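Thanks for asking me to look this one over. Here are my notes, to be read with the structure open beside you.

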Amino acid sequence: MNLYSSISTLASISFFVLITSCQAQTPATMTTPSHPTIKTDEEWLAQLGPERYRILREKGTEYPRSGEYDQHFEAGQYLCAGCGTPLFSSDSKFDAHCGWPSFDQATNEEVVLESRDLSHGMIRTEILCRQCGGHLGHVFDDGPTATGLRYCVNSLSLTFEKDSTQSAEAK
Ligand SMILES: [Zn+2]
């Protein structure tokens, strides 16, 4: 290999690295978690109660089909049970028959953080509320809709706010 071809190979490798590093930066969700709402474990337990605390702060999972929002299809917003941030809209909810509330997207890219989860011998992507760091569930790339995503969320991680504009549908 002569000097010229070495240089051109090097140049194309650098170009490739440049391209891939740009792509690697695109998902805003892969940044280091920093949660504006910070409370002590005692404060969270007092606010949430033991069941919600186990899910949101200890990354627990509710039993399938046990959650109040699994088969809940009213129009409205699903908020973080820890801090009240609107996380999912009823428009993005679908029945995945998996036993947990499922959505094909979050209200926007900013509200949900993703984190690699290697627990229980599986490789999964955990989803957390960006505002308070509360554990929501996991996101999978086997969704049946256009987004291809399935946000599988514990009902106990959520509260529901009915859409008041759509409740006047009798007009
Ligand atoms: Zn939250």
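This is a predicted model: local features need pLDDT of at least 70, side-chain atom pairs count only at pLDDT 80 or more; totals for chains, interfaces and linings use all residues.

1. I would start with helix H2, residues 41-56. H2 has 16 residues, yet its end C-alpha atoms are only 11 Å apart. A straight helix would reach 22 Å at 1.5 Å a residue, and H2 falls short of that.

2. Where does H2 bend? The bend is at Gly 49 and amounts to about 120°. A proline, Pro 50, follows within four residues.

3. Still on H2, have a look at its buried residues: Trp 44, Leu 48, Arg 52, Ile 55 and Leu 56. Strand E7 (135-140) is included in what covers them.

4. Next comes the hairpin formed by E1 and E2, with five residues between the two strands. In its turn, Gly 84 has a positive phi of about 85°. Strand E1 covers residues 76-80 and strand E2 residues 86-89, and their antiparallel pairing runs over three bridges. Leu 79 has Pro 86 in E2 as its bridge partner.

5. What is the strand order in the open sheet of six strands? Reading across, the order is E3-E4-E8-E7-E6-E5, with antiparallel pairing. E3 (93-94) and E5 (112-117) stand at the edges with a single partner strand each, so one side of each has no neighbour in the sheet.

6. E3 pairs with strand E4 (residues 102-103) in the antiparallel sense, over two bridges. For Lys 93, the bridge partner in E4 is Phe 103.

Key. Residues are numbered from 1 along each chain as its sequence is written. Two strands pair if DSSP finds at least two bridges between them. The expected span of a helix is 1.5 Å times one less than its number of residues. The bend at a residue is the angle between axes fitted to the seven residues ending there and the seven starting there. A residue is buried if 20 or more other C-beta atoms lie within 10 Å of its own, exposed if 12 or fewer, and partly exposed in between; C-beta atoms are placed from the backbone. Two residues are in contact if their C-beta atoms, placed from the backbone, lie within 7 Å.
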